[in-house]
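The following exercises concern one protein chain.

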Amino acid sequence: MKFISKTLICASLALLGSQAAVADTLKIGTEGGYPPWSMVDAAGKVTGFDADVGQALCKQLGADCKFVVQAFDSLIPSLDAKRFDLIISGMSYTPERAKRISFSIPYAVEDAIFVLPKKSELVNADKEQTIFDGLAGKTIGVQGGTTHGAYLSKMAPKTTVKNYDTLDQMQIDLDAGRLDGTFADLTSQSKFLHKVGEENFALSKLVIKGSSDPETLGYGIAVGIHKDNAELKAKVDAALCKLIEDGTIKSSSEKWFDIDISNYEICKK
C-alpha cells in the first residue's frame, strides 16, 4: 500500500525494543455484536476474531487485555475521550476516520457483499452498476457507523440506507420484509445468511472488493489508536507484523471465517 511508508514500519520494529513497556493492562473498545468478528457470550466474555487479535496483540506487547463493549458508532468518540487505549472492532482505516484517530497498519483485508431475496434478479448481477441501478427506490440495511453505508450512499444515491446497531436487529427487519436486502462484510454476511435462512435469501454473486473505493471502504482493517499516542502506535504496528508473519492472524481468521484475510503485503520489506 502506497500510503504507508516501509521506512515507518522498519522504524516501528526498532521502537518495539527501544521504548518503555506499554501499560500493564490495555483497554480495548469493541462492538460485541458483529459475529464472527466480535460477540459477547452468556458469561459476558468477548469472543470472535477481534477478541483473538486483541489477546494476541496484548500478549505480544506484554500486557493484559480488558475489553470494553459498546455500540460501534460510539467507539471513536470514546477513544477520543481516552476511555480505552485501542479500538479492535473490524474497523476499516478510512481517510475520514483518520482525521480523528490514528490507525495501525491494516492487518486484514475484507470484501463486502449483499444478502438479497433469493428471487431477486440482482442476486446474479455480475456488474456493480447493475446492482446499484437495481437498488434504486429500495431499502438496504447496514450496521451504523460502518463503511458500508457511506459506500452505498455514494454509489447508489437513490437507495435508502437504513442503519442498525446490531446484525440481530437487521435480521429481524429483513425477515419481516422491512428491508430489501443487507450490505456488510462478506464474512459476516455468510454467517448472517445462515441465520435468516438460505431458502428465502442468498448472497449476491457480485463481491465488492475492499480496495475498490478507499475513500469510503478504506485501506483495510486496522487498530484504532489515539492521535496523541505515537509510541503505542509504533509498538502495535511492529507487533501486528509479527502476528502476521508467524501465522497467528491467519490461524484465527481461518478459525472464524474459514478463509485467510491476513494482509501479508503490508509488512514486506
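**Exercise 1. Describe the chain as a whole: its helices and strands, its radius of gyration and its buried residues.**

Solution. The chain has 10 helices and 13 strands; helices (H or I, at least four residues) and strands (E, at least two) are DSSP runs, numbered from the N terminus. The model is predicted: local features require pLDDT of at least 70 and side-chain atom pairs pLDDT 80 or more, whereas totals for chains, interfaces and linings use all residues. Residues are numbered from 1 along each chain as its sequence is written, and side-chain values use heavy atoms, with hydrogens and water left out.

Next, consider the radius of gyration, which is taken over C-alpha atoms. The globule rule is 2.2 Å times the number of residues to the power 0.38. Along the principal axes, the C-alpha atoms fill a box of roughly 60 × 45 × 35 Å.

Finally, 51% of the 269 residues count as buried. Buried means under 20% relative accessible area, exposed over 50%, and partly exposed in between (1.4 Å probe, protein chains only).

**Exercise 2. Determine how helix α6 and helix α7 pack.**

Solution. Begin with the geometry: α6 (residues 167-175) and α7 (residues 186-196) pack at an angle of about 50 degrees, and their axes are 11 Å apart. Axes are lines fitted to C-alpha atoms, for helices over the stretch in contact, and angles run from 0 to 180 degrees between N-to-C directions. The angle therefore makes α6 oblique to α7. Angles under 35 degrees count as roughly parallel, over 145 as roughly antiparallel, 65 to 115 as roughly perpendicular and the rest as oblique.

Then list the residues in contact (heavy atoms within 4.5 Å). From α6 they are Leu167, Asp168, Met170, Gln171, Leu174 and Asp175, and from α7 they are Ser188, Phe192, Lys195 and Val196.

**Exercise 3. Which residues of α7 are buried, and what covers them?**

Solution. The buried residues of α7 are Thr187, Ser188, Gln189, Phe192, Leu193 and Val196. Their cover includes β2, β8 (112-117), α6, β11 (181-185), β12 (201-208) and α10. After α7 comes Gly197, with a positive phi near 105 degrees.

**Exercise 4. Examine the backbone at Pro36, Lys82 and Asp258.**

Solution. Recall first that most residues other than glycine have a negative phi, and most peptide bonds are trans. The peptide bond from Pro35 to Pro36 is cis, with omega near 0 degrees. Pro36 is found in the loop between β2 (33-34) and β3 (38-40).

Lys82, in the loop between α3 (75-80) and β6 (86-87), has a positive phi of about 60 degrees although it is not a glycine. Lys82 is exposed, with a relative accessible area of 55%. Asp258, in the segment after α10 (248-257), has a positive phi near 70 degrees. Asp258 is exposed at 61% relative accessibility.

**Exercise 5. Is Gly220 buried or exposed, and which residues does Gly220 contact?**

Solution. Locate Gly220 in the loop between α8 (214-217) and β13 (224-225). At 9% relative accessibility, Gly220 counts as buried. Leaving aside neighbours within four places in sequence, Gly220 is in contact with Met91, Ser92, Tyr93, Pro106 and Ala108. Gly220 and Ser92 lie 128 residues apart in sequence and 5.2 Å apart in space, C-alpha to C-alpha.
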